[in-house]
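This report accompanies the sequence and structure displayed below. Please keep both in view while reading.

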Amino acid sequence: MKKIQMVDLITQYQEIKSEVQSAISEIMDKAQFINGLAVHEFKDGLANYLGAKHVIPCANGTDALQISMMALGLQPGDEVITPSYTYIATTEVVGLLRLKPVFVDCEKDTFNISSEAIEKAITPKTKAIVPVHLYGQSCDMEAIMDIAKKHNLYVIEDNAQAIGSDYTFSNGETKKTGTIGDIGCTSFFPSKNLGCYGDGGAICTNNDDLADTLRMVANHGQSKRYHHDMVGCNSRLDSIQAAVLNAKLKRLDNYIDSRRSAANYYDEAFAQVDKITTPYRDERTKHVFHQYTLQLADSVDRDGLVEYLKGKDIPAMIYYPIPAHEQKMFASLDTECGDLTTTDWLTTRVISLPMHTELEDDQLKYITDSVIEYIRS
Ligand SMILES: *Cc1c(COP(=O)(O)O)cnc(C)c1O
């Protein structure tokens, strides 16, 4: 059996190696490192894949979020509702821009931001909601968009973990995550479902004016050459990363299928095991399994399980051990917290198992047998 890894990018690379190498080599030969053809090809390819009108590539997913909040003209003190149960980048940029993070709870079954909690947290100062499609499954976007419309709020989707996922509204319309709110942000960090071989990110929107502003913010606030109308930043996706992404975008749906079949294997193996709750599948969305995350009953010693698996050469991770509202970075900032009972509980009970496009049945059997062995011991 091949050594088990949380993410196996080496095996995945072997299959696309010649295509990626020749694309990179062409860029090197032409020295088109910035804004080369590969970047334009990727921008159009991603817009087409997502069904989004505009895609603005940028340097990473964190920048994508920051640029979005800048382009919407959010001002210091404006309140931004975000989950506390997420990767730190989502909430960090809110603090960086001196906006006020309002941390709200998530739903126990989906791990995603609770729409009821959002509604309770709204004040006259609320300007935006940042739903995070955690682990690869869409938030309840119908409820969130209804709330946003009712209270006139912007919606910035953090789609870093869910590219390729979608959501079907009650009228039957299906949209890809990241294209539902005003703006969608994503990351191409190597371990993401669509990852490059360095850093990368993108922003998408269907709003023409907003797209112009987003492009401007990402490029030193420049409206035309050497005319800088606003303070922006410098955030680009380089041509080499775009070339990698072009090769992988074509295969994204196959990658998603591989992840979903590994998830199905896990689900079946754990279906009859007390003390383990497998990921809830919301019928309105396609789960793309950036992570495969279990909830363990209170009686299970989680650290013990992690250690036990480590002893068997099986990696496992806790995403996330400390929720955003408990991070020291926010101690000196103006923040607001809703009731975060579910978030606090989940951080003590979740465990993520290896999940990637290259998992083989013998590995999955070994992992699931080992987890069950520990739970039943
Ligand atoms: C990875 C990630 C980000 C940040 O992306 P980077 O490219 O690492 O800056 C933001 N939000 C979530 C939920 C993520 O998982």
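Predicted model: local features only at pLDDT ≥ 70, side-chain atom pairs only at ≥ 80, totals over all residues.

## The three-stranded sheet

An open sheet is built from three strands in the order β12-β13-β15, with antiparallel pairing. Its edge strands are β12 (276-277) and β15 (350-353), each of which pairs on one side only. Strands of a sheet pair through backbone hydrogen bonds, either parallel or antiparallel. Between β12 and β13 (residues 292-296), the antiparallel pairing extends over two bridges, and Ile276 has Leu296 of β13 as its bridge partner.

Two helices accompany these strands. Helix α9 (residues 252-270) packs on the sheet and touches β12, β13 and β15; the direction of α9 makes about 20° with that of β13. Helix α10 (residues 302-311) lies across β13 and β15 and runs at about 20° to β15.

## Helices α1 and α8

Helix α1 (residues 9-30) packs against helix α8 (residues 239-249) at an angle of about 130°, and their axes are 9 Å apart. Because of this angle, α1 is oblique to α8. The two helices form a right-handed crossing.

On the α1 side, the contact includes Leu9, Gln12, Ile16 and Glu19, and on the α8 side it includes Ser239, Ile240 and Lys248. Classified by type, the contact of α1 with α8 has 11 nonpolar, two polar and two charged residues.

## Helices α3 and α7

Helix α3 (residues 61-71) and helix α7 (residues 208-218) pack with their axes 9 Å apart and an angle of about 120° between them. The angle therefore makes α3 oblique to α7. Here α3 passes α7 in a right-handed crossing.

From α3, Ile67, Ser68, Met70 and Ala71 meet Leu210, Thr213, Leu214, Val217 and Ala218 of α7. The contact of α3 with α7 comprises seven nonpolar and two polar residues, with no charged ones.

Cys58 is located in strand β1 (residues 54-58). Is this residue buried or exposed? Cys58 counts as buried because its relative accessibility is 0%, and the cut-off for buried is under 20%.

Leaving aside residues up to four places away in sequence, Cys58 touches Asp63, Ala64, Ile67, Gly200, Gly201, Ala202, Ile203, Ser235, Arg236 and Leu237. One of these, Ile67, also takes part in the contact of α3 with α7. By contrast, Ile318 lies 260 residues from Cys58 along the chain, and the C-alpha atoms of Cys58 and Ile318 are separated by 28 Å.

Terms used. Residues numbered from 1 in each chain as written. Heavy atoms only, no water. Pairing = 2+ DSSP bridges. Helix = DSSP H or I, 4+ residues; strand = E, 2+ residues; numbered from the N terminus. Contact = heavy atoms within 4.5 Å. Axes fitted to C-alpha atoms, helices over the stretch in contact; angles between N-to-C directions. Parallel < 35°, antiparallel > 145°, perpendicular 65-115°, else oblique. Left-handed = near helix turned anticlockwise from the far one by under 90°. Nonpolar A, V, L, I, M, F, W, Y, C, P; charged D, E, K, R; others polar. Buried < 20%, exposed > 50% of the residue type's maximum accessible area, 1.4 Å probe, protein only.
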